[in-house]
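Me: I have a structure to study and would like to go through it step by step. Could you help me read it?

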Amino acid sequence: MINNSDKPLATFDKLPFPEQAATIWQKGQPVATRHLPDFRLHLYAVDLFFVEMWVCRRRFVVTLFRTITDTDDLLPYVDERPLINLNAYT
């Protein structure tokens, strides 16, 4: 479980949507992307927590920012990562 009492996480959750977006653009480090039928979910590391950015695939707009509060929520990103063929680099 990720500590919800973290000040940066609590502060981010209380920000208005435009300020959340600005925080991700300024401080966020892209980690991974997941593909759903209607959305692309981009995972960012921001300070000491993770945020999902939900982007509508039809309208190409950000519809939601969701902070990750449980490490189990990171598992789908691990499961979707492509396997690397190490033999191709030898």
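Predicted model: local features only at pLDDT ≥ 70, side-chain atom pairs only at ≥ 80, totals over all residues.

Me: How many bridges join β2 to β3?

Reply: There are 8 bridges between β2 and β3, and Tyr44 stands opposite Val51 in β3. β1 and β2 pair over 6 bridges, and β3 and β4 over 5 bridges. In β4, Val51 has Thr67 as its bridge partner.

Me: And what is found in the hairpin of β2 and β3?

Reply: That hairpin has 2 residues between the strands, and Asp47 takes a positive phi near 55 degrees there. In the hairpin of β3 and β4, with 5 residues between the strands, Phe60 takes a positive phi near 55 degrees.

Me: Changing topic: which residues of α2 are buried?

Reply: In α2 (residues 17–27), Gln20, Ala21, Thr23 and Ile24 are buried. Seen down the helix axis, these buried residues fall within an arc of 160 degrees, so they line one face of α2; the arc is that of the directions from the helix axis to the C-beta atoms. Buried means under 20% relative accessible area, exposed over 50%, and partly exposed in between (1.4 Å probe, protein chains only).

Me: Which residues are on the face turned away, and what covers the buried ones?

Reply: The face turned away carries the exposed residues Pro18, Trp25 and Gln26. The cover of the buried residues includes α1 (7–14), β2 (39–46), β3 (49–56) and β4 (62–67).

Me: Which residues form the largest nonpolar core?

Reply: That core has 11 residues, including Leu9, Phe12, Ala21, Ile24, Tyr44 and Val51. β3 gives the most to this core, with 4 residues. A nonpolar core is a set of buried Ala, Val, Leu, Ile, Met, Phe, Trp, Tyr and Cys residues joined through side-chain atoms within 4.5 Å. In soluble globular proteins, nonpolar side chains tend to be buried together.

Me: How enclosed is β3?

Reply: 7 of the 8 residues of β3 are buried, so β3 is largely enclosed by the rest of the structure.

Me: Is Phe50 buried, partly exposed or exposed?

Reply: Phe50, found in strand β3, is partly exposed, with a relative accessible area of 26%.

Me: What about Thr67: buried or exposed?

Reply: Thr67 lies in strand β4 and counts as buried, at 11% relative accessibility. A polar contact of 3.1 Å joins the side chains of Thr67 and Asp13. A polar contact is a pair of N or O atoms within 3.5 Å; within protein, one must be able to donate a hydrogen and the other to accept it, and residues adjacent in sequence count only if both atoms are side-chain atoms.

Technical notes
Residues numbered from 1 in each chain as written. Heavy atoms only, no water. Contact = heavy atoms within 4.5 Å. Pairing = 2+ DSSP bridges.
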